[in-house]
Structure formats: C-alpha cells, structure tokens
Amino acid sequence: MKKAILTLLVLMLADVSNAQGVNMKNVLIVYGSFAGSTAAIADSMRSCLQTKNCAVDVMAAAGAAINLDKYDLVVIGSAIRGDNIHPKVKQFIDANRPALNKKKAAVFAVCITITSVKPQKREHARTYPGKVACGLHPVSNVVFAGNAPSAGRFGNWMGKMIFGIVPGDYRDWKAIKTWAESLTALY
Ligand SMILES: Cc1cc2nc3c(=O)[nH]c(=O)nc-3n(C[C@H](O)[C@H](O)[C@H](O)COP(=O)(O)O)c2cc1C
C-alpha cells in the first residue's frame, strides 16, 4: 500500500514538472549599456520573468548573428547617449534582422530626459524606443528613467538649464517589474 502511494506521488510530481516544462517560455534579453544602469534593468527583468515560468537568457548586445530559434520573445534594451542608442544594439539588430522579423520583440530605452521638467524634452524621450527598435515592429515598447550621476557643478547647472534634468538614480523598479510582467501576456 505504502509503495502504491509513493508511486502515485512520484507520478503526480512528474506530471506537474512536465506541465511546467511544456508551458515554459524562452525569453532573450539583449541590452546595450554604457555605464551599467541598463544592464541592471535587464537583470531585474530576468529575475521577474523567471518567477513567471520563463527561461531567460540575458546578454550584452554584440554584432554577431546568433541562433534565436528557441526564443518565444526577444527583449531589446538600450541606454541613450547623445540622443542615440548604444551602437552594439544597432549592430545586434542588423546582424539578426531576418530572424528578429519573424519573432516577437519588445524594446525599452533607458534615458534621463524622461524625467525632465520640460515637456518637450519628455516628449522627445518618448521617441527613443522607436530608435531602439531600428525598424523592427515590437509588440511592446517603453522608456525607463535611468541613472544620471552628478556631472559636477557646472555640468549639473547646464543639465538643468538646457535639459531640465537633475542628476540622480531614477530607475523605477516597480515600473520595470510591471512592464516585464506585462510581456508574458504577449506570446
Ligand atoms: C555622456 C552622456 C550622454 C547622455 N545623453 C543622453 C541623451 O541624449 N538623452 C537622454 O535622455 N539621456 C542621456 N543620458 C543619460 C543616460 O541615458 C542615462 O544615464 C542612462 O541611465 C545610462 O544608461 P547606462 O548606465 O546603461 O549607460 C546621457 C548620459 C551620459 C553620461
């Protein structure tokens, strides 16, 4: 009797783990980061998606073509510098464009002007995900506020006058988690 119950339990457990395996989705997060804040955002997305039954790979963008076959979703993120995306992100998309065009992709941009007190600067920051997409058609896109360290007294003053920004770490981990979780409904 004991043996029969034990066997039943083992079978039930095997069934549960099988079901999880079947439903598990594969996500790739590719990021371009100059100073680390976008890399940390990508990492926090990984943790978040892992709690949602996703197998997640995270990699810094590079120019080589890679095999994307196994991925159900590719998330591409870039820090913004000088109004542009990270060059490696563009290289990654160009090198993998045919495969990416057949995949579900989502993009995020990380910048500071989304925190500006000047509405036109915030408006402009909302165009950054379009730059990250580089011609792809993402199923979701978002701008996150990043981390802008102090640029010294004069630099900070210039930043305030011209861009309406104040240095600081503006990363909103709750918003990042909410967006990452929303992606699970898209594939
Ligand atoms: C030299 C430099 C140029 C930047 N240019 C822009 C910009 O054009 N627009 C913007 O919104 N943020 C700009 N930023 C802010 C960065 O996007 C922000 O600090 C972001 O968190 C950087 O991400 P990373 O740490 O992954 O490199 C700039 C920051 C630096 C240091």
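**Briefing: ligand shell, strand pairing and local backbone**

Strand E3 supplies the largest share of the shell around the ligand, 3 residues. The model is predicted: local features need pLDDT of at least 70, side-chain atom pairs count only at pLDDT 80 or more, and totals for chains, interfaces and linings use all residues. Residue numbers start from 1 along each chain as its sequence is written. The chain holds 7 helices and 8 strands. Helices (H or I, at least four residues) and strands (E, at least two) are DSSP runs, numbered from the N terminus.

**Ligand shell**

- The ligand is surrounded by 19 residues, and the closest are Ser33, Thr38, Ala79, Cys111 and Gly146.
- Elements giving two or more residues to this shell are H2, strand E3 (73-81), strand E5 (104-111) and strand E7 (147-148).
- A residue is near a molecule or strand if its C-beta atom, placed from the backbone, lies within 6 Å of it.
- The shell splits by class into 9 nonpolar, 8 polar and 2 charged residues.
- Nonpolar covers Ala, Val, Leu, Ile, Met, Phe, Trp, Tyr, Cys and Pro; charged covers Asp, Glu, Lys and Arg; the others, Gly among them, are polar.

**Confidence and chain totals**

- Mean pLDDT (the predictor's confidence in each residue, from 0 to 100) is 92 for the chain, with 88% of residues at 70 or more.
- Over residues 13-19, pLDDT stays under 50, and the model has 0 contacts there beyond four places in sequence.
- A contact means that the C-beta atoms of two residues, placed from the backbone, lie within 7 Å.
- Of the contacts in the chain with a separation of 6 or more, 76% link residues 24 or more positions apart.
- The chain has 187 residues, and 33% of them are buried.
- Buried means 20 or more other C-beta atoms within 10 Å of the residue's own, exposed means 12 or fewer, and partly exposed lies in between; C-beta atoms are placed from the backbone.

**Strands E1 and E2**

- Strand E1 (residues 25-32) and strand E2 (residues 54-60) run parallel, joined by 7 bridges.
- Pairing requires that DSSP finds at least two bridges between two strands.
- Opposite Ile29 stands Val58 in E2.
- From E1 the chain crosses through helix H2 (residues 37-50) to E2, a right-handed β-α-β crossover.
- Right-handed means that, with the strands pointing away from the viewer, the path from the first strand over the helix to the second runs clockwise.

- Ala62 sits in the loop between E2 and E3.
- Ala62 is partly exposed because it has 14 C-beta neighbours inside 10 Å.
- Beyond its neighbours within four places in sequence, Ala62 contacts Lys88 and Phe92.
- Lys88 belongs to helix H3 (residues 87-101).
- Lys88 has 17 C-beta neighbours inside 10 Å, so it counts as partly exposed.
- C-alpha to C-alpha, Lys88 and Ala62 are 5.3 Å apart in space, yet 26 residues apart in sequence.
- Lys88 also contacts Gly32, Ala61 and Gly63, again leaving aside neighbours within four places in sequence.

**Positive phi**

- Most residues other than glycine have a negative phi.
- Asn53 is not a glycine, but its phi is positive, about 60 degrees.
- Asn53 lies in the loop between H2 and E2.
- Asn53 is exposed because 12 other C-beta atoms lie within 10 Å.
- Cys134, also not a glycine, has a positive phi of about 50 degrees.
- Cys134 falls in the loop between helix H5 (128-133) and strand E6 (140-145).
- Cys134 has 18 other C-beta atoms within 10 Å, so it is partly exposed.
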